[in-house]
Amino acid sequence: MAIHIETSRLILRDWKEPDLEAFTEMNSDKHVMRYFPETLTEAQTLAFFEIIQREFVEYGFGLYAVEEKNSKDFLGFVGFHHANFDADFCPCIEIGWRLKREYWRKGYATEGARSCLEHGFKHLAFDRIYSFTAIENTPSQGVMKKIGMQVFEYFDHPAVPDNNPLKPHVCYMVENK
């Protein structure tokens, strides 16, 4: 197991087999998935996990499993995704996060994302990094602002149905200085 990033409270690492159960549970939580069109089934989570693993092999980076240093608990993920869908800013490097509900409002997403940005610019040589979410998702936008990202553009996400209130999205961006 490789550790990619370490902070004062977190380890961002490769995924382990036992993470899958907690990952499935997190993705089926309606509160965690509030700003997504639907929760994920076990099969959908496994497919997502396979995409994460494929990106590590193909690009050398991905969505890192997040572990709390003291407890060794799996918190969720923070990291990078190669986003490529019908939007002006794609293809792009996206930074994203998803944490189990009991770990919200503790600064973990901000701490992990801030360290990922530094890692992406210093070690992966990214020029710019994007993040996007439904306009309604003010908690994630708060993290984006805290880590120094600024609004890049507003758009309708092509993968969200037209009648869904989550279709309007905002994209944030930060450039390497």
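Which residues are exposed on the other side of α2? They are A43, V57 and E58. Exposed means over 50% relative accessible area, buried under 20%, and partly exposed in between, with a 1.4 Å probe and protein chains only.

This is a predicted model: local features need pLDDT of at least 70, side-chain atom pairs count only at pLDDT 80 or more, and totals for chains, interfaces and linings use all residues. Residues are numbered from 1 along each chain as its sequence is written, and side-chain values use heavy atoms, leaving out hydrogens and water.

Start with the helix. α2 (42-59) has 18 residues. From first C-alpha to last, α2 reaches 25 Å, close to the 26 Å expected at 1.5 Å a residue. That expected span is 1.5 Å times one less than the number of residues. Helices here are DSSP runs of H or I, at least four residues; strands are runs of E, at least two, and both are numbered from the N terminus.

Now look inward. T45, F48, F49, I52, E55 and F56 of α2 are buried. Seen down the axis of α2, these buried residues fall within an arc of 120°, so they line one face of the helix. The arc uses directions from the helix axis to the C-beta atoms. Their cover includes α1, β1 (3-6), β3 (63-68), β4 (74-83) and β5 (92-99). Just after α2, G60 takes a positive phi of about 85°.

Next, step back to S28. S28 sits in the loop between α1 (19-27) and α2. S28 is partly exposed, at 41% relative accessible area. S28 and E42 are 14 residues apart in sequence, yet 8.0 Å apart in space, C-alpha to C-alpha.

How values were computed:
Contact means heavy atoms within 4.5 Å.
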